[in-house]
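User: Let's go through this model together. I have some questions about it.

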Amino acid sequence: MDKEFLQTLQIDQHNHGSIAGFDTMVGDEEISSSSPVDGTLIGRVSLTDAGNYEKIVIRAQSAFEEWRRWPAPKRGSVIQAFGQLLRDHKDALGNLVSYEMGKSIQEGLGEVQEMIDICAFSVGLSRQLYGLTMHSERLDHRMYEQWHPLGIVGIISAFNFPVAVWSWNAMVAIVCGNACIWKASEKTPLCAVACQKLFCQAAKALGAPAAISCIITGDHKLGKMLTADQRISLVSATGSSKMGKSLAQTVAARLGRSLLELGGNNAMIISKHADIDIAIRAAVFGAVGTAGQRCTSTRRLIIHQDHYDLIKERLKMAYSQIRIGNPLDPSMHMGPLIDRDAVHAYLEAIEIVQRFGGNFIVSGGVIEGSGFQSGCYVRPCIAEVENHYDIVQKETFAPILYLIKYQSLKQAIQLQNDVPQGLSSSIITEYLKEAELFLSASGSDCGIANVNIGTSGAEIGGAFGGEKETGGGRESGSDSWKSYMRRQTNTINYGTTLPLSQGITFDF
Ligand code: UN1
């Protein structure tokens with residue numbers, strides 16, 4: 001396979017995991033990154049040891065001290081330059097994402113597009129970090145609020161969006177005046193190295209302090225070091241609810257801030273009034289896209305009884321047309337799972353569904369033979385289940401779609417909400433009253449609720465995140481930037497006396 005994209009992105013056989021700014025700090029140990037596409041070793045990345053971690057935090061701290069003094073619109077110009085580099089390297093980075101993570105090239109390029117879009121958003125934001133002005137209750141007083149950067153933002157990201165989720169956090173955090181330390185998934189370290197190299201290029205061109213963006217490489221032990229570190233003002237983490245629960249406790253114990261984007265168990269309600277073509281397209285992309293490894297992947301279809309049999313048949317037909325194979329081949333819909341552990345979890349989930357009495361209408365399994373030697377390719381499958389099964393209540397990061405039947409919309413909404421997670425949800429209906437009920441306070445309890453589109457593929461302009469075990473954080477668009485800043489309330493007396501608030505007198 002032609003791997004020109006690796007040279008374009010300056011990915012070598014040995015890469016430095018601990019990059020702070022422009023220089024490298026080489027650890028003694030390395031981790032290797034193998035592609036789930038063909039099992040080939042792509043390259044190695046040096047691990048960040050405790051000594052290098054310490055050096056990086058000190059570098060980030062001093063970078064922050066300088067960076068916070070840069071006017072925000074000037075900070076935006078660095079993000080603009082990075083956005084341009086991403087445009088120039090979109091193809092190469094999209095290919096690397098696809099090769100290291102295994103998602104289809106369409107989705108790899110889409111992920112880089114999300115980065116380009118969040119850069120544009122952040123550049124605009126650099127002139128809009130607004131605070132409010134209030135009327136003081138005291139004579140000749142003015143009251144207003146300002147937003148200041150926090151300090152160092154730690155970003156922990158998952159393998160499934162190896163570049164975009166970092167950029168949602170980092171671009172916004174950096175434009176707000178923070179320095180960032182990024183611990184990418186140890187399953188996709190080369191994507192992080194490539195992003196860091198491009199970011200450093202942009203920062204250098206504009207004379208920005210070197211360590212406003214740093215990366216560290218390692219597993220959960222390094223994540224723990226970052227999380228427990230008092231100097232990290234905010235830890236923004238994407239991953240499983242299990243990981244988030246433990247991280248939140250560590251951060252809370254030091255009264256730090258955390259922003260969590262954790263597991264989803266997303267359902268699509270297909271109403272009696274649904275456009276069936278839209279429903280099928282949305283469901284198949286939601287369940288099969290990224291091989292079911294998005295936190296927004298569609299895991300449950302809650303189908304009105306009148307359409308149940310029809311939907312089943314249409315899904316069977318659609319699944320028979322899914323092309324699974326090398327994700328760098330643009331004609332493929334679905335690539336491999338991330339690794340063999342993920343394949344194991346997928347097979348285990350299938351077995352548990354069967355044990356509970358679930359009925360597979362499209363069966364799963366591992367794909368073998370030529371072109372599939374990495375052992376990570378599986379078939380997307382569909383099972384008829386009950387919502388209360390333990391396994392249905394859990395997020396399995398794999399292309400397993402559950403079908404559930406409903407009679408009334410109230411019951412459908414209840415089923416949709418009746419899981420521990422609360423990230424994304426959708427309803428397919430042509431009937432306004434149903435759509436509005438679904439979006440109302442008595443409707444979906446998720447952070448994202450869509451009508452006539454699927455559960456995945458959120459745009460960067462909205463706030464992204466969810467409720468319950470999804471962790472409550474909001475990243476990316478809207479006013480999510482406020483999570484990366486501290487609010488300061490200022491009251492100024494421009495009079496000649498000192499009136500006290502609440503009318504208190506204190507004369508002496
Ligand atoms: C994730 O899976 O962690 O909405 C993020 C989506 C993508 C982001 C998913 N824009 O599906």
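User: How do the residues of the shell around the ligand divide into nonpolar, polar and charged?
Analyst: This is a predicted model. The ligand's surroundings include Trp168, Arg294, Thr296 and Phe464. By class, the shell divides into three charged, four polar and five nonpolar residues.

User: Which domains does the shell around the ligand draw at least three residues from?
Analyst: Glu114 and Ser456 are among the residues that surround the ligand. The shell takes at least three residues from each of two domains: domain 1 (4-262 + 471-488) and domain 2 (266-459).

User: Which residue has a backbone N or O atom 2.7 Å from an oxygen atom of the ligand?
Analyst: Asparagine 160 uses its side chain, with an N or O atom 3.1 Å from a ligand oxygen. The 2.7 Å distance to a ligand oxygen belongs to a backbone N or O atom of alanine 458.

User: What share of the ligand's own accessible area does the protein cover?
Analyst: On its own, the ligand has 320 Å² of accessible area. The protein's cover of that area is 100%.

User: How many disulfides does the structure hold?
Analyst: A disulfide covalently joins the sulfur atoms of two cysteines. The sulfur of cysteine 180 has its closest cysteine sulfur in cysteine 214, at 8.7 Å, so the pair is too far apart for a bond. The number of disulfides in the structure is zero.

User: Is cysteine 191 buried or exposed?
Analyst: The cut-off for buried is under 20% relative accessible area. Cysteine 180 is at 1%, so cysteine 180 is buried. Cysteine 191 has 0% relative accessibility, so cysteine 191 counts as buried.

Terms used. Residues numbered from 1 in each chain as written. Predicted model: local features only at pLDDT ≥ 70, side-chain atom pairs only at ≥ 80, totals over all residues. Heavy atoms only, no water. Near = heavy atom within 4 Å. Polar contact = N/O pair within 3.5 Å; in protein donor to acceptor, adjacent residues only side chain to side chain. Areas by Shrake-Rupley, 256 points an atom, 1.4 Å probe, with all protein chains shown as cover. Nonpolar A, V, L, I, M, F, W, Y, C, P; charged D, E, K, R; others polar. Domains from an automatic or database assignment. Disulfide = S-S within 2.5 Å. Buried < 20%, exposed > 50% of the residue type's maximum accessible area, 1.4 Å probe, protein only.
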